[in-house]
Amino acid sequence: MAFDIDMIKKVYASMSERVDKARKIVGKPLTLSEKILYSHLWDGIPNKPFTRGKDYVDFAPDRIACQDATAQMALLQFMQAGKPKVAVPTTVHCDHLIQAKNGATADLKSANTTSAEVFDFLESVSNKYGIGFWKPGAGIIHQVVLENYAFPGGMMIGTDSHTVNAGGLGMVAIGVGGADAVDVMAGMAWELKFPKLIGVKLTGTISGWTAPKDVILKVAEILTVKGGTGAIVEYFGSGAKSLSCTGKGTICNMGAEIGATTSTFGYDESMERYLRATDRADIADAANKVKEYLTADDEVYANPEQYFDEVIEINLTELTPLLNGPFTPDLSTKVGKDMTEKATAHEWPLAVEWGLIGSCTNSSYEDLSRASSIAQQAIDKGIKMKSELGINPGSEQVRYTAARDGILGIFEKLDAKIFTNACGPCIGQWARYSDPKNAPKNSIVHSFNRNFAKRADGNPNTHAFVASPEITAAIAIAGRLDFNPMTDTLINQKGEEVKFDEPTGWELPPKGFAVKDAGFLAPDEDGSGVEVKVASDSERLQLLEPFTPIKDESLMDAKLLIKAFGKCTTDHISMAGPWLRFRGHLDNISNNCLIGAVNAFGHKTNLVKNQLNGEFGGVPDTARAYKAAGIRTIVVGDHNYGEGSSREHAAMEPRHLGVAAVIVKSFARIHETNLKKQGMLGLTFANESDYDLIQEDDTFNFIDIAEFAPDKQLTVEVVHADGSKDVIKVNHTYNAAQIGWYREGSALNVIKRENAS
């Protein structure tokens, strides 16, 4: 029986009327993405068409999902909104705060001790406000959502960039910052610029060593890390229908790595099979009654160039296994000869020290079964494991079922470490080194989604490569980055030359899924009597104080805090790993603000000039010095600034430390929105080369900020140390409502005022 089945049936009951009306208004057949968007308008029945990539639109999402690291700040904000209960179904999943070190049992016990204060807070606040709570060890948020909450044709937002995983079940599921989630929790509309549409036509079928993972690795190669920005990627074609539901989820999951708003697939038989296998036959039955509305109109897929802004075609039959990396998820290399040549040319370490399988991207039963078929061959053929191997099951249901069916036992025979059903190494929660900053140069292969420097283990010298679970298993067993399991042989313990056969596996468990305790706690019907405690002296939790508006006069004589050079992701702005423990304490976590960003002056991290005394110091300390002196600061950045995780801490920390504006060549979508929500200026250079004009001792004057208005450039006077000046133009994407957030100090301030009136 599905969660929230009445809500889902209500969505389906209104879908035909809304989609039919939208089709008439738009005047042409509709993509699946458009059907979902137009059927989730805040105003209900569509009454006008929207321009892709231009119009801001208010939507009414069906549900919200939050992971424990971001849920803390989101719920701390919601507590200020003055609402007794969340307005839409919401869940919290404890998956980020469990460090991988010794194995599942020991690591979970350790997390329940060290993070008890946070888990207790999240459980109590969930209970008070009508939020479903998934305990530590229950699983990784996106796998749990796919198994329990995702449904075809729905719209969901989540406080994690990989919320998009639910596109594997035909949703429009979008990662947002906590402030966006708070809006919807409080019963308000959620605003999004109407996305552009990228169609990916899949033909043929995958076979042998090729996996769904290779589809998104190829798409990442084609579109790069910013090629999907502002767009929904919609997959279709005979190849799309041939993929499993969890395989579709893998593809959608890594759509976050191309900057896409989200990715999705039309409802088909694989989704129906998955729904029924996960005890949601009621959703499958309801979806079947409106299935023509849960995929694009026939004309769209027949002539995609007429309906999408961009179309890509991939023949799955010709697709071969890929390894993407290191240090970026869009650097794609074919397994085998191409990798040998490229690794040699770039001096990438060929010895592989670890293989890691799992995370929200590839931790399904199907993924584990296919990888275990390779592990079983190593056992049967007498091949000794050359690398270490770690496994993160996606949920307790997957773990329990995989253990029952002997899959985990196969890995354990190879001395693999079975970690907790949690994110672990994928988000930097991996106790691999005691001193990661000074750890040696090495290579690892994993089936995760991100491989930025220091992402998994904190070691800037770790070269991380992304691959399918089966390729990860084979390369880990061989211990070589240049190993090609399709052609190469290995020497077994008897001195014999042996070769792997193609991987095999199950789309769904032959005996069905099973679980004893899934780890779910339902909230009280009436949570008014529940007390949420936050200790005043806590190092991990801190009640929030509203941000005050940035006054126009404070934007005269603002100082440069840092000019970030090159890639600056949310990991660089607000690191994870050991800093996760402070995600509920804004002041403490602000001590990691921009410490990973490379300063364009000197090309070092966490070392910037303090113009007040001429000395150099860490970014947070310098920012606090300016703030104490009553001086606003400016951050300057390069392209795709803020790519990666949806963590709003990357906006809240600079705001807390006195940063008024971030001026960059281009933004990643979620981060730009987060800056707006926190009452800051997120601006882009009208002329990208003006980035080069910014000098280390610069002062900024926003000379026409009083005239801040939609579609109107701002003028900034940049005063250099020698007294010379450059006057530059900067662009913005603020609409009237967003300018209102800025003027009132934050979007939350607006919500509080409106709720109080």
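Does Cys360 count as buried or exposed, and at what relative accessibility? In this predicted model, Cys360 counts as buried, at 8% relative accessibility.

**View 1. Cysteines without a disulfide partner.** A disulfide is a covalent bond between the sulfur atoms of two cysteines, and the structure holds zero disulfides. For Cys360, the closest cysteine sulfur belongs to Cys426 and is 5.6 Å away, which is too far for a bond. Cys66 is likewise buried, with a relative accessible area of 0%, and its sulfur is 11 Å from the closest cysteine sulfur, that of Cys94, again too far for a bond.

**View 2. The two sides of helix 21.** In helix 21, which spans residues 619-628, the buried residues are Val619, Pro620, Thr622, Ala623 and Tyr626. Because they cover an arc of only 165° around the axis, they lie on the same side of helix 21. An α-helix has 3.6 residues a turn, so residues three or four places apart point the same way. The exposed residues Asp621 and Ala628 are carried on the face turned away from the buried side.

**View 3. The surroundings of helix 21.** The buried residues of helix 21 pack against strand 22 (558-563), strand 23 (608-609), strand 24 (616-617) and strand 25 (633-637). Just after helix 21, Gly630 takes a positive phi of about 75°.

**View 4. The largest nonpolar core.** This core has 176 residues, of which Tyr12, Leu202, Tyr235 and Phe411 touch the most other members. Helix 1 (residues 5-26) gives the most to this core, with eight residues. Apart from it lies another core, of 27 residues, including Val636 and Leu714.

Conventions:
Residues are numbered from 1 along each chain as its sequence is written. This is a predicted model: local features need pLDDT of at least 70, side-chain atom pairs count only at pLDDT 80 or more; totals for chains, interfaces and linings use all residues. Side-chain values use heavy atoms; hydrogens and water are left out. Buried means under 20% relative accessible area, exposed over 50%, partly exposed in between (1.4 Å probe, protein chains only). Helices (H or I, at least four residues) and strands (E, at least two) are DSSP runs, numbered from the N terminus. The arc is that of the directions from the helix axis to the C-beta atoms. Contact means heavy atoms within 4.5 Å. A nonpolar core is a set of buried Ala, Val, Leu, Ile, Met, Phe, Trp, Tyr and Cys residues joined through side-chain atoms within 4.5 Å. A disulfide is a pair of cysteine sulfur atoms within 2.5 Å.
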